[in-house]
Amino acid sequence: MPPRPFVNDGLWRCLCPGFPSNAVATPYITRGGPRLPHGHASRKDAASHCSRQSRAYNSSNPLFTANDSFFSQPGTSATGFRPFGEKLRPSRLRGTRDNVALAQQPTYILYEHARDEGAKGNWDEVMNICRVLIKDRGEQPNKEMYAALLHSFVDPKTGTAGKLRKVLEEMGFWNDTDGALVGQPKIELDARGCECVLEVLAVHPDYLLRDEILEYMKSRWFNLSDRARNFVVAGMLRDRHFEHALMTLEEMVRNKARVESWLFDKAMWMLLEFGEVEEAFHVLGLKEAAKGKSSGTGAVELSSALWGALLDAASHKLLLDETVLVWTAQVQPGYLKPGTGACLSVLNLASRHGDVPLATDVFRILTERGTTLSTHHYELLISAYLNANDLQAALSVILIMVDINLKVGPGTCDPLYWYLSAGTPDEDSRPMQAFRHLQDFEAAGRKIPTAAVNACIQASIARTRLDEAIEIYKALHTVSHAGPNTGTFNILFRGCHLEGRKELAMFLANEMVKLGLRPSRLTYDRLILVCLTAGDLDDAMLYYEEMVSTGATAGKKGPMKPRRNTWEALIYRCVEEGDERAVALLNDYKDGVEEPRRNIEKAVVDRFEYGIIRSADPADVGREATENTASDAVEDQHVRSTSELGRTPDAGADTELSEKRSGASS
């Protein structure tokens, strides 16, 4: 009679707690017969075994208890893997596999199903299969079950790196001693299990655990497959270790290892998210190189969303080569239709770098889309032509704006002014070149705006060529039929101030009165500066008084005021000459300026109360000249045109700009 089988069950462990739980293998005997030995059973034997086994999963059956924390509780887990309140997902195996119960499937099929469900991230299905294998088939928890369980944590919603660590801890991954000594078996990870862990860590990053797995594989002489390297790089990207990830990716491409397309796309998306646009295009180059080595062609397939994101990021970062790469590869053939905002960014980039073909192609895209082109579109095109040193084409764009009834003001011609004033002393005068082109256009019957001529005059003055500016002014009426406006004379008054030409300023003031142009705040301000430069305090005060009275009678909110530094220069001059009008000027100055300088008031008080004559602070005098001069160019570009101000002065304004005063001065 054979001896009775040794049963290491719960009663035995209760009566003999010091006996190792895994010292003797437990031959479980089921109702259908003995358990099939794992790894040696044929499919025929497994099928016959399943035909004899008719019962389904039963929670009351005795089970292997060494690892019952994972496989002993149906529907729940002692490790806390199921969140609170989460309902048990119904098993999809029983409804999709010809409604065959799990207990009726052969053992090797159950293992295959466990691997498949683990790859899909179905943790519940894997647990159900493992419980059937342990309770019904008498299988011991092994590395195949744990590999499927580890793989199931790849699901982005239910899996976490903490759950992964918990399973590895139960497997004894961090135990240096033998599992038999601590009463719990240690299950070693094989190469496939390590790869499953790396795949999970690519979704749920944990760089410490990933390094431990890589060290473990190195110590076991496990080769890192190309698929596993893809997961390692993906995990590095999720951990924001971009430099290390790119180095590994470059090494894989250099060694002709297989790099999945999704990894390239993931790297580009994440680099774009964190503003690493140059590195994203570097990854695009790596993908082109890998594609060329594998297929012989450098064609790269990306989604339209990714191409659009690359185009947006490159144009916002002002990367010309990268933008042209995407534009020529995707937009010109018609594969990608960029949005209007992206087109404006590309147009801005083309205008900065003077890429005329790119700028004109953006206009083609916008025109085909039916976008209404406005002033700022044409201004960017003007800048593109000017940065490409094509002055005549830039002027032709300005004339096209006039032909389609778009407003051409000082701001529109601002790029033209900067281009004309940036010439070198050795080359021919750019303002005169531009004016000659305008004369040719006018001879061809084109309508020339006054703002374009004003830009030529202003550029000549910026290059300290007042006589040249006067020549352009004299011929202005032959080019622009609208004639000069208030902005024209403001520009010329600035030149008179810089050159100290008061007599010329008085002549231009008379011209302005004869043309019926109404002076602006900047007109009076610069006339005051001209008189102060010439040492004529009386004329400067008369222009100041006329400025204040004209602004008060014009129906505005308040009287016109000079600029801050002009006001201070006028007060200092009155203090130096002992003119008591400095007190009234100081009161107006304190009322009109938000933060008046204390040294201005101190100079007036010392002069007229204590008789102390304080000369103007050289720093303040220099500041008046530099600050006003620095702001002149900006203010000239935003001066109101004659059509806005009106050609006829107001009835009671008496804005002669003092013909009698200018005659007395001359």
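Me: Hi! Which residue does Arg573 form a salt bridge with?
Reply: In this predicted model, Arg573 pairs with Glu576, and their closest N and O atoms are 3.9 Å apart.

Me: Where do Arg573 and Glu576 sit?
Reply: Both are in helix H31 (residues 564-577), three residues apart, so about one helical turn separates them.

Me: And how exposed is Arg573?
Reply: Arg573 counts as partly exposed, at 22% relative accessibility.

Me: OK, how many salt bridges does the structure hold?
Reply: There are 24 salt bridges. One of them joins Glu199 to Arg227, with the closest N and O atoms 3.1 Å apart.

Me: What does the pair Glu199 and Arg227 tie together?
Reply: Glu199 belongs to helix H10 (residues 191-203) and Arg227 to helix H12 (residues 226-238), so the bridge links parts that are 28 residues apart in sequence.

Me: Is Glu199 buried or exposed?
Reply: Glu199 is buried, because its relative accessibility is 12% and the cut-off for buried is under 20%. Arg227, at 39%, counts as partly exposed.

Me: Which residues are linked in a network of salt bridges?
Reply: Lys186, Glu188 and Arg220 are linked that way.

Me: Changing topic: which residues does the "repeat: PPR" annotation cover?
Reply: The unreviewed UniProt entry puts that annotation on residues 485-519 and 520-554.

Definitions and conventions. Residues are numbered from 1 along each chain as its sequence is written. This is a predicted model: local features need pLDDT of at least 70, side-chain atom pairs count only at pLDDT 80 or more; totals for chains, interfaces and linings use all residues. Side-chain values use heavy atoms; hydrogens and water are left out. UniProt positions are given in the numbering used here, feature names are shortened, and annotations may be inferred rather than shown by experiment. A salt bridge is a side-chain nitrogen of Lys or Arg within 4 Å of a carboxyl oxygen of Asp or Glu. Helices (H or I, at least four residues) and strands (E, at least two) are DSSP runs, numbered from the N terminus. Buried means under 20% relative accessible area, exposed over 50%, partly exposed in between (1.4 Å probe, protein chains only).
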